[in-house]
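Here is a short briefing on one protein model. Look at the sequence and the 3D view first, then read the points below.

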Amino acid sequence: MEDYNEEYEKVKSWAKSKGYYVSENNKNRDMVCFEERIIYINSRQSYENMLYAIIHESGHILTNNNIKYFLEKHPIYPYHITDGRVTKSKKYSVCLISEELEAWKRGLGLAKKLNIKIDKNNFFKIMIDSVWSYIDSIN
């Protein structure tokens with residue numbers, strides 16, 4: 001797929017329709033800030049990787065919009081936890097990894113809904129590397 005930029009712009013447009021601004025900067029860490037309603041994307045990566053990052057961060061928006069559903073299946077919602085004693089717990093770690101996986105899953109569903117063309121092998125490689133970085137940081 002040559003034009004990941006076009007696909008990226010489709011997801012960016014979806015985010016804008018939900019009231020989120022997308023900030024692209026080579027110093028950004030890929031993340032979403034719910035309070036500011038900003039998706040931060042690191043622009044040093046290829047457009048393909050930027051596409052997968054915005055898909056994932058959009059998945060977080062979808063997860064956050066339905067916290068009730070998430071909490072029915074998980075004991076805590078990691079995003080709102082700041083207590084250091086809790087963030088070191090097994091419960092927090094498991095819920096954090098689950099939330100990350102949920103964001104990837106919901107983001108992929110959004111991409112399908114928006115007819116975003118992705119390279120599934122590359123998408124899943126980035127997803128696995130990303131989730132593994134959370135697992136690795138626990139140890």
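Ser-93, Leu-96, Ile-97, Glu-100, Leu-101, Trp-104 and Leu-108 in H5 make contact with a set of residues in H6. On the H6 side, the partners are Phe-123, Phe-124, Ile-126, Met-127, Ser-130, Val-131, Tyr-134, Ile-135 and Ile-138. Keep in mind that this is a predicted model.

**Helices H5 and H6**

- By class, the contact of H5 with H6 has 13 nonpolar, 2 polar and 1 charged residues.
- H5 covers residues 90–113, and H6 covers residues 120–138.
- The two helices pack at an angle of about 170 degrees. Their axes are 10 Å apart.
- Angles over 145 degrees count as roughly antiparallel, so H5 is roughly antiparallel to H6.
- Asn-115 sits in the loop between H5 and H6.
- Asn-115 is not a glycine, yet its phi is positive, at about 55 degrees.
- Is Asn-115 buried or exposed? Its relative accessibility is 56%, so Asn-115 counts as exposed.

**The sheet**

- Three strands form an open sheet, in the order S1-S3-S2. The pairing is mixed.
- Which strands lie at the edges? They are S1 (21–25) and S2 (31–33), and each pairs on one side only.
- On average, neighbouring strands of this sheet are turned by 25 degrees against each other, direction ignored.
- In general, strands of a sheet pair through backbone hydrogen bonds, either parallel or antiparallel.
- S2 and S3 (residues 38–42) run antiparallel and are joined by 3 bridges.
- Val-32 stands opposite Ile-39 in S3.
- Arg-37 is placed in the loop between S2 and S3.
- The phi of Arg-37 is near 60 degrees. That is a positive value in a residue other than glycine.
- Arg-37 has 36% relative accessibility, so it counts as partly exposed.

**Helices across the sheet**

- H1 (residues 4–17) lies across S1 and S3. It runs at about 135 degrees to S1.
- H2 (residues 47–64) lies across S1, S2 and S3. It runs at about 155 degrees to S3.

**Helices H1 and H2**

- How do the axes of H1 and H2 meet, and at what angle do they cross? They come within 8 Å and cross at roughly 20 degrees.
- Angles under 35 degrees count as roughly parallel, so H1 and H2 are roughly parallel to each other.
- The crossing of H1 and H2 is left-handed.
- From H1, the contact is made by Tyr-4, Asn-5, Glu-7, Tyr-8, Val-11, Lys-12 and Trp-14.
- From H2, the contact residues include Tyr-47, Met-50, Leu-51, Ile-54, Ile-55 and Leu-62.
- By class, the contact of H1 with H2 has 12 nonpolar, 2 polar and 3 charged residues.

- Where is His-74? It lies in the loop between H3 (67–73) and H4 (84–87).
- His-74 has a relative accessible area of 15%, so it is buried.
- Leaving out residues up to four places away in sequence, His-74 touches Cys-95 and Ser-98.
- His-74 and Tyr-92 are 18 residues apart in sequence. In space they are 9.8 Å apart, C-alpha to C-alpha.

How values were computed:
Residues are numbered from 1 along each chain as its sequence is written. This is a predicted model: local features need pLDDT of at least 70, side-chain atom pairs count only at pLDDT 80 or more; totals for chains, interfaces and linings use all residues. Side-chain values use heavy atoms; hydrogens and water are left out. Axes are lines fitted to C-alpha atoms, for helices over the stretch in contact, and angles run from 0 to 180 degrees between N-to-C directions. Helices (H or I, at least four residues) and strands (E, at least two) are DSSP runs, numbered from the N terminus. Angles under 35 degrees count as roughly parallel, over 145 as roughly antiparallel, 65 to 115 as roughly perpendicular and the rest as oblique. Contact means heavy atoms within 4.5 Å. Ala, Val, Leu, Ile, Met, Phe, Trp, Tyr, Cys and Pro count as nonpolar, Asp, Glu, Lys and Arg as charged, and the others, Gly among them, as polar. Two strands pair if DSSP finds at least two bridges between them. Buried means under 20% relative accessible area, exposed over 50%, partly exposed in between (1.4 Å probe, protein chains only). A crossing is left-handed if the near helix is turned anticlockwise from the far one by less than a right angle, and right-handed if clockwise.
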